[in-house]
Amino acid sequence: MKRIAIIGGGIAGVTAAWQLSRLAAEGADLEATLFEASPRLGGIVETVREAGFIVECGPDAWVTEKPWARELAEELGLGDEIIPSNDSTRKTYIMQHGKLVAMPDGMRMMVPADVDALDRSNLFSEVAKSAFRAETTMAVELKAVAPEHDESVASFVQRHFGTEVLDKIGAPLLSGVFGGDVTRLSVRAVMAPFVAMERAHGSLILALQQRLRESAPQPQIFTTLKSGTSSLIEKMVAQLPCNWVKLENTVRAIKKSSTGWQIETASGSNRFDALLLATPVDVARNLLRPTDPTAADLMQMETSSAVIAAFGFQAPLELPAGFGFLVPPGSSGSRLLAATFADQKFDGRAPAGSRLIRAFFGGATADSLLNTSDEDIASLAMEELQQILGPLPDPVLTVVRRWPRALPQYAVGHLERMAELHQRVRSDQNLWLLGNGYRGVGLPDLIREARSAAREVAAHPATVR
Ligand SMILES: Cc1cc2nc3c(=O)[nH]c(=O)nc-3n(C[C@H](O)[C@H](O)[C@H](O)COP(=O)(O)OP(=O)(O)OC[C@H]3O[C@@H](n4cnc5c(N)ncnc54)[C@H](O)[C@@H]3O)c2cc1C
């Protein structure tokens, strides 16, 4: 029987374990052990359900366009739970000079589908509006100068729309998702569809307009589960053989031998035929370094932390219509990176007549809060929210979470480095790298990768060459 170790019980590790359990149930001769350092599975995926509120501490949804999370939810019997974001009221605000200003309608990230809508918005100066308009007239030049190689998000966005658009919406949109400094983030890794649009059309605006004309009406942008994203984890865990899961089992070292992988925890050392390493990338790098220093070097990347504070309010509370707001990094006035009006983004997040707001700290602020108490984080978040939204009543529910080094930064050249890494650790070592450091940070990509690794490992010969 093939023995498989999975290290790390976030969405990546749990999905891999679940997929292996399905394959075993279908007759594959294998068993797996999932080592998780903490007392719970799910990692960053965590839903708190309390007093009628559904509070997401990590991901609150997935991008609808990518099918793999929905497919998994349906296979787990969660089809009835799937709900879309409330896109009829989709608006995102940007904090500007201490006030919330709505992003113009029809923006896809920093690309407007409707240039005229820019005139109805006071988010951008005349200089930026002219830059948007000019982009549609420069298609030929933009196509001609599209670089062959990777570049930063900053240089890509500046070439098309200038610095103001980058600072006002590019930086806040990306830094919350990719832990990023836009001057270092790889445009090919984090904005691949836009790179393809540039290559084909030069102008991103014209490319987007053509795509919208030719494609079927877009479904809602985000999808989630009524009972929260943790339901994915709970359903998978309920179907795992219980002797597969080892909670509070931190893996201290891994060693490759001629017959497999030796996994060391506080309770001893065990041999496995294959290893799925699904810890955060910095942990994976340190575990792998003694075996393969070159692979570890390729896994070197900066990561940034996130801290969230969510508040449930029972009192009536007027909020701007929409999903929430973003604060451009470096803009004076607020330490927040973003806030979500959770009960407006999705139905059923708060009891009738109640509101749920989630404040998000990122970057250096999040790092500085990692050792701050829950109470102090909550009061800072409340203070910052009140400065922007006006007086808020006392919350009936407060949830604070710290996610240290949770968001890896895919720096320029990331795809090339990952191709090289994949080449090195490809399955003839019986090693698979999973999780958000490599080929996508969102739930759908992590689920797709984990399921495909599980299928490969089950099909792969057991002995290390
Ligand atoms: C605040 C926030 C909001 C987000 N929002 C969204 C969103 O809306 N949509 C979306 O698609 N994505 C979102 N993301 C990204 C997404 O949630 C993460 O990329 C994803 O959950 C990471 O999963 P993972 O399995 O790679 O890692 P993790 O969830 O980090 O899991 C890794 C696990 O490994 C364990 N571990 C670590 N070291 C060891 C060891 N030595 N031995 C054993 N176990 C170990 C950890 O305890 C942890 O449980 C968000 C991320 C954050 C931080």
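This is a predicted model: local features need pLDDT of at least 70, side-chain atom pairs count only at pLDDT 80 or more; totals for chains, interfaces and linings use all residues.
**Strand β1**

Strand β1 spans residues 2-7, and five of its six residues are buried. Strand β2 (residues 30-35) runs parallel to β1 and is joined to it by six bridges. Together with helix α1 (residues 11-25), the strands β1 and β2 form a β-α-β unit of right-handed sense. Strand β16 (residues 274-277) is also paired with β1, again in the parallel sense, through four bridges.

| Partner strand | Sense | Bridges to β1 | Bridge partners |
|---|---|---|---|
| β2 (residues 30-35) | parallel | six | Ile6 and Leu34 |
| β16 (residues 274-277) | parallel | four | Ile7 and Leu277 |

**Thr224**

Thr224 belongs to strand β11, which covers residues 222-225. Is this residue buried or exposed? Thr224 counts as buried because its relative accessibility is 0%, and buried means under 20%.

The side chain of Thr224 takes part in polar contacts. One of its polar atoms lies 2.9 Å from the backbone oxygen of Asp60. With the side chain of Arg349, the Thr224 side chain makes a polar contact at 3.5 Å.

Beyond its neighbours within four places in sequence, Thr224 touches residues from several parts of the numbering: Glu56, Asp60, Ala61 and Trp62, then Glu81, Ile82 and Ile83, and finally Thr229, Phe346 and Arg349.

How values were computed: Residues are numbered from 1 along each chain as its sequence is written. Side-chain values use heavy atoms; hydrogens and water are left out. Helices (H or I, at least four residues) and strands (E, at least two) are DSSP runs, numbered from the N terminus. Buried means under 20% relative accessible area, exposed over 50%, partly exposed in between (1.4 Å probe, protein chains only). A polar contact is a pair of N or O atoms within 3.5 Å; within protein, one must be able to donate a hydrogen and the other to accept it, and residues adjacent in sequence count only if both atoms are side-chain atoms. Contact means heavy atoms within 4.5 Å. Two strands pair if DSSP finds at least two bridges between them. A crossover is right-handed if, with the strands pointing away from the viewer, the path from the first strand over the helix to the second runs clockwise.
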